[in-house]
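Dear colleague,

Please find the structure below.

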Amino acid sequence: MHAGGKQMREEPILVVRPSLPPLEEYIEELRPIWDSRWLTNAGPKSKQLAEQLKSHLKVDNVELFANGHLALELAISALGLKGEVITTPYTFASTTHAIVRSGLTPVFCDIKEDDYTIDVSKIESLITARTSAIIPVHVYGNVCDVAGIDAIARKHGLKVLYDAAHVFGVEVGGKGVGSFGDMSMFSFHATKVFNTVEGGAVTFGDPAYAAKFESLRQFGMDGQERVPLIGTNAKLTEVHAAMGICNLRHTDEQIAGRRRAVLRYRERLDGVRGIKLCKPAVGVKENYAYFPVVFDGYKLDRDEVLAKLNERGIYARKYFYPITSSFECYHGMFEIQETPVALRVSKRVLALPLYHDLAIEAVDEVCDTILGA
């Protein structure tokens, strides 16, 4: 098959590719599980992973969950949030769904032009007597203005719960990103920088939340005869924890591979008229989770670039599009605030292929296709 006179590649270049440890290493990690038959309910592997993550993420407390979405819903529950929460529509569906499924009203704040995180200068105008929290989103590995958000939260007595699904291992001024705010939710989905296949975690400073999380993820039970909370089933299995233990050993090399690809993308695409890239943040240890490109004034629009890539067997993603405030499921439920920057970026952004073993030659092919479009 040909496209534009060029041969479509036999092996597609996917937008993401999950990282896996050597099979033999994973099998060895599974052997004690087979011997003990302890498959779930906070077993030895789950406890081991939680302790290792505390050290790796530079946080005081970590609780593990079946996935990031349930982790976010239970963090909302543990914090006792009510009424309205200020958040951003420039995120994956999970963030806003967790808010709405928890009986809260999302109040949408616009994003910044440079890194697509929540625009702190616009938060205070959205605070009302019903506001209980701010739920900002660290996007693509870009970190929110944590100092600005903290100042507003302290001033108005609000909780801060970060959606940190994209920032595993990121540090700000030497501090783990999960140590900011009251809590942070991490996703360990297969496509993330670090994965347990499916899984998630909440990091937090106040150890008093630990017992509440233990109950919430086990149907709200406290022991076998007391059920003081309305909980759900959100336990991370020992099999998934074992995958996490293996993958954590290789995280630094995974991030190094991503970094090589990102540096090549920046070398090829930075400064091209009509192509906008996120600039590296000062004082931030990056994780190179995603490589978003905004096509604004380029010779082709975003959808035309995507079509050209697809013709070659290269798959990028409109990430994030559409913004969550435009979802039809929310129509008529609550007021939808205008967020013109988020809307504009969502119509122009593509996340290009990025994973740890993406060859430099493949990066060049992506860039050649875009620049020669």
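Seven strands form an open sheet with mixed pairing, in the order β3-β11-β10-β7-β6-β4-β5. Strands here are DSSP runs of E with at least two residues, helices are runs of H or I with at least four, and both are numbered from the N terminus; two strands pair if DSSP finds at least two bridges between them. The edges are held by β3 (61-65) and β5 (105-108); each has a single partner strand, so one side of each is left without a neighbour in the sheet. On average, neighbouring strands of this sheet are turned by 25° against each other, direction ignored.

This is a predicted model, in which local features need pLDDT of at least 70 and side-chain atom pairs count only at pLDDT 80 or more, while totals for chains, interfaces and linings use all residues. Residues are numbered from 1 along each chain as its sequence is written, and side-chain values use heavy atoms, with hydrogens and water left out.

β3 pairs with β11 in the antiparallel sense over five bridges, and F65 stands opposite G200 in β11.

Y162 has S184 in β10 as its bridge partner.

Two helices lie across the sheet strands. Helix α2 (residues 44-57) lies across β3, β10 and β11 (200-204) and runs at about 135° to β3. Helix α3 (residues 68-79) lies across β3, β6 (131-135), β7, β10 and β11, at about 165° to β10. Axes are lines fitted to C-alpha atoms, for helices over the stretch in contact, and angles run from 0 to 180 degrees between N-to-C directions.

E84 belongs to strand β4 (residues 84-87) and is buried, with a relative accessible area of 13%. Leaving aside neighbours within four places in sequence, E84 is in contact (heavy atoms within 4.5 Å) with T105, V107, T128, R130, T131, S132 and A133.

Yours sincerely

Notes
Buried < 20%, exposed > 50% of the residue type's maximum accessible area, 1.4 Å probe, protein only.
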